[in-house]
Amino acid sequence: MTVDAANGATGEGSTPSGPILVVEDEEALVGAICYQLQREGFDAVSAVDGLRGLDLFRERAPVLVILDLMLPHINGLDLCRIIRGESEVPIIILTAKDAEADKVAGLEIGADDYVTKPFSMRELVTRVRAHLRRASMASGARSEGEGGNLVAGPIQMDTQRHEVYVRGRLIELPPKEFALLEAFMLRPGKLVTRQILLSEVWGVEYFGDTRTLDVHIKRLRAKIEEDPRRPEHVKTVRGLGYKLQL
Ligand code: CA
């Protein structure tokens, strides 16, 4: 039912063609979210329990799902798992402030992002826009067979917009760290030597201290690794360089 508007070569996102589905059992909150989304020009549909949410998901093919985790009938985690089994649609989960385990579980079963209650509508709408843009970029890149979107494991990079998402969250990277990560993303799983990194990121004529590279790798790891002291993405290849593990 979605109409795939022609994706321009500019990489600008097209207007979403389906509604945003909001599943949340607090009626005042669901009303407020839908009101805000509609004010921002989105079509929004809502359900106050998991079963109705699943029905609506299947009927309306939403472009994005905002999903509360504590729901009657089918809980949010189960619904998230079912939706992810059927679709790549971006899913933003709403979690309680003290529910760290739920948040992690949600991301592990395929949610793209989370927003912790209480949240501002502005924050939620910003996340919605970012995920729609990314989804649109990804489909644009797929349909063009190229594009500014690089994906390696949980890391997604939009080179045109200069944005990096790790496990669904937007992270800030200064230019050198961005360039370093890009050098890895262009060669996923392959050795990238120190010489290549120095010449691509600092320029072929770079004669500075190569410890600069180590410092930047350390900063990059601090932002993208879950445990920077035991990196699982940017791996050291002793004596040679690094590689981006998938
Ligand atoms: Ca709830």
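Modeller: Along the chain, the donors of the calcium ion follow the spacing D-x42-D-x1-M. Donors are N, O and S atoms within 2.8 Å of the metal (3.2 Å for Na, K and Ca); water is not among the atoms, so sites may look incomplete. This is a predicted model: local features need pLDDT of at least 70, side-chain atom pairs count only at pLDDT 80 or more, and totals for chains, interfaces and linings use all residues. Residues are numbered from 1 along each chain as its sequence is written, and side-chain values use heavy atoms, with hydrogens and water left out.

Biologist: Which residues coordinate the calcium ion?
Modeller: Asp25 (OD), Asp68 (OD) and Met70 (O), at 2.1 to 2.4 Å.

Biologist: Is Asp68 buried or exposed? And Met70?
Modeller: Asp68 counts as buried, at 3% relative accessibility. Met70 is exposed, with a relative accessible area of 61%. Buried means under 20% relative accessible area, exposed over 50%, partly exposed in between (1.4 Å probe, protein chains only).

Biologist: Where is Glu24 found?
Modeller: In the loop between strand 1 (20-23) and helix 1 (27-39). Helices (H or I, at least four residues) and strands (E, at least two) are DSSP runs, numbered from the N terminus. Glu24 counts as buried, at 0% relative accessibility.

Biologist: What does Glu24 contact?
Modeller: Leaving aside neighbours within four places in sequence, its contacts include Asp68, Leu71 and Lys117. Contact means heavy atoms within 4.5 Å.

Biologist: How many bridges join strand 11 to strand 12?
Modeller: Four, and strand 12 covers residues 241-244. Thr236 has Tyr242 in strand 12 as its bridge partner.

Biologist: Last one, the largest nonpolar core. How many residues?
Modeller: It has 26 residues, and Val164, Leu181 and Phe184 have the most contacts inside it. A nonpolar core is a set of buried Ala, Val, Leu, Ile, Met, Phe, Trp, Tyr and Cys residues joined through side-chain atoms within 4.5 Å.

Biologist: Which helix gives the most to this core?
Modeller: Helix 6, with six residues.

Biologist: And what is Phe184 in contact with?
Modeller: Leaving aside neighbours within four places in sequence, Phe184 is in contact with several residues, including Val192, Leu197 and Tyr242.

Methods. Two strands pair if DSSP finds at least two bridges between them.
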